[in-house]
Amino acid sequence: MTRMPENSPQPLLAVQHLSKFFGRQLGCHDISFAVSPGEVIGVVGESGSGKSTLLNCIAGRIKPSNGSVFFHSSEGMTDLCRCDEALMRKIIRTQTGYVTQNAAQGLKMHISAGGNIGEKLMAGGMRHYGQIRKMALAWLERVEIDPERIDDLPATFSGGMQQRLQIAANLVNAPKIMLMDEPTSGLDVSVQARLIDVLRKLVSGLHLSMVLVTHDLAVARLLCHRLYVMKQGEMVESGLSDQILDDPRQPYTQLLVSSVLKP
Amino acid sequence: MPLSYNFAYLDEQSKKMIRRSILKAIAIPGFQVPFGGREMPLPYGWGTGGIQLTAAVIGPDDRLKVIDQGSDDTVNAISIKAFFKKTAGIETTEDTERATIIQTRHRIPETPLQNGQIMVFQVPIPEPLQFIEPKKSQTVKMHGFEEYGSMHVKLYEDIAKFGRIATAFDYPVQVHQRYIMSPSPIPKYDNPKLHRSPAVHLFGAGREKRIYAVPPYTDVVSLDFEDYPFELEKWDGACAVCGSTDSFLDEIITDDTGTRMFICSDTEYCQKKSGNTFS
């Protein structure tokens, strides 16, 4: 199941035999997959199937019980679970982005939109206010937020705008991979569509890799090249998105696909 | 003097513990060292951190000066002086040049400090990163891994809102090219006085139980942007009492129609300059 994609010998991210136990409770078990540069991976499954746990392990937010997360950084292939913490934090900070379902967790709500976008730039060492401002304005435009609102607090933004702001704040320092945890949940359908549209443009324009965790199969079909299906902490099926969604082999995947409501 | 207290109030073991933390703080300039803060006979927020540091470093030959808002004769300054007079039997002074230990709340005296003098600051909030990251477990790591970029977010917000860096006190500094430090609520006017100062600067936070220090002749640089450099406050006039144009001035409203005057915040400096001796 963990074949490396043929077109790229060196994956950007390789997860190997990753497990996480919370005491006797299973988070995810023996997960392996690889992401090539520019590839969008979807992880689907019902609530509680261990999707978010997996993503948090990759993002260094929780420490896995077992296994490795290899990341192809400037230092070569680095195991984020075993390397020096300073290096791990540096790689996570400079080369990955993390978008949460709840924008209030990913954004600093008491800091203006411009400050939120500029934070990663300043963390990267930019010390010129004018330049930071310029980049913040450009990114607001790219995620289709009125640049006039650069000094407004994110709390005054709608849910969809907050989510787009979160994406801009994560993309501004040009990370290699975006980790997204249910970015479209909790938004109404038309707002979702706009968000997906923005994401598609950005992903293809920036040659960005992405791991997208979602329970929304429609979103997964639109954005992802390949899909992984999780059930009770285990990976049950993987393949090209269309193949999984049109011709699911595992009974669980068949159930998942058939349970989508069609208007 | 009835010696019902140990010298300088604290017991010797407590003083020893505090001195150990001070030594560690001096060895790692700007780093916040936790210490076992003791209950002092005054409320948190009135200088419990500073008073413990003073108690730990003071000796029978020291001359203590205490200032509050730059003034030698406010209630807090007088009470702390009286406290050490009573418990340590030491001499107190208002003269910056004669003082060996100066405990302060908001100011660094205008009279230049000398090598051998000890400044003791009473610190309310020792953690400069608190505004950006409320979790202590995270700020410790940010200091450890030198992840300081987000410190500029506060300054960015100032410029975005007010068109300039509006932070006027507790202005964050980087010490010895390493740790970001909160210089306690001194006006940013006093920040340059910390840079390569010949005196020792000790900072004590009683409630938060942290000690940090700037040893003599250490670099202390105020954070800023390339296009918005660090600037000092300026006043149009001079001190109404002594005529000084190079000291930190307080604005005082003198009547109901908005008449105002500016006078030195450092009372001792002002008195010396004007030749007055009020006390």
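A residue is called buried if 20 or more other C-beta atoms lie within 10 Å of its own, exposed if 12 or fewer do, and partly exposed in between, with C-beta atoms placed from the backbone. Helices (H or I, at least four residues) and strands (E, at least two) are DSSP runs, numbered from the N terminus. The structure discussed here is a predicted model, in which local features need pLDDT of at least 70 and side-chain atom pairs count only at pLDDT 80 or more, while totals for chains, interfaces and linings use all residues. Residues are numbered from 1 along each chain as its sequence is written, and chains are lettered from A and ligands numbered from 1 in the order in which they are written.

Let us begin with chain B as a whole. Chain B contains seven helices and 12 strands. Its radius of gyration, taken over C-alpha atoms, is 19 Å. This is close to the 19 Å that the globule rule (2.2 Å times the number of residues to the power 0.38) gives for 279 residues, so chain B is as compact as a globular protein of that length. The C-alpha trace of chain B spans about 60 × 50 × 35 Å along its principal axes, and 45% of the 279 residues of the chain count as buried. Two residues are in contact if their C-beta atoms, placed from the backbone, lie within 7 Å. Among the contacts in chain B with a separation of 6 or more, 61% join residues 24 or more positions apart.

An automatic or database domain assignment divides chain B into domain 1 (12–222) and domain 2 (234–279). The C-alpha centres of these two domains of chain B lie 25 Å apart. Where they meet, 14 residues of domain 1 are in contact with seven residues of domain 2. The side of domain 1 that touches domain 2 has three nonpolar, five polar and six charged residues. In this classification Ala, Val, Leu, Ile, Met, Phe, Trp, Tyr, Cys and Pro count as nonpolar, Asp, Glu, Lys and Arg as charged, and the others, Gly among them, as polar.

Strands of a sheet pair through backbone hydrogen bonds, either parallel or antiparallel. Two strands are said to pair here if DSSP finds at least two bridges between them. Seven strands of chain B form an open sheet in the order β1-β9-β8-β5-β4-β2-β3, with mixed pairing. At its edges stand β1 (33–34) and β3 (91–92) of chain B, each with a single partner strand, so one side of each is left without a neighbour in the sheet. The partner of β3(B) is strand β2 (residues 63–67) of chain B, and the two pair in the parallel sense over two bridges. Leu64(B) has Thr92(B) as its bridge partner in β3(B).

Strand β5 (residues 118–122) of chain B pairs in the parallel sense with strand β4 (residues 101–104) of chain B over four bridges. It also pairs in the parallel sense with strand β8 (residues 200–205) of chain B, over five bridges. Ile118(B) in β5(B) stands opposite Ile101(B), and its bridge partner in β8(B) is Val200(B). Five of the five residues of β5(B) are buried, so the strand is largely enclosed by the rest of the structure. Ile118(B), Val120(B) and Gln122(B) point one way from β5(B), whereas Met119(B) and Phe121(B) point the other way.

Strand β7 (residues 179–181) of chain B includes Tyr179(B). With 18 C-beta neighbours inside 10 Å, Tyr179(B) counts as partly exposed. The C-alpha atoms of Tyr179(B) and Pro29(B) are separated by 7.3 Å, although the two residues are 150 apart along the chain.

Finally, we consider chain A and its meeting with chain B. Helix α4 (residues 113–123) of chain A has 10 buried residues out of 11, so it is largely enclosed by the rest of the structure. The cover over the buried residues of α4(A) includes α5 (129–142) and α6 (159–171) of chain A, together with α5 (151–162) of chain B. After α4(A) comes Gly125(A), whose phi is positive, near 105 degrees. Between the chains, 15 residues of chain B are in contact with 18 residues of chain A. The side of chain B that touches chain A has seven nonpolar, three polar and five charged residues.
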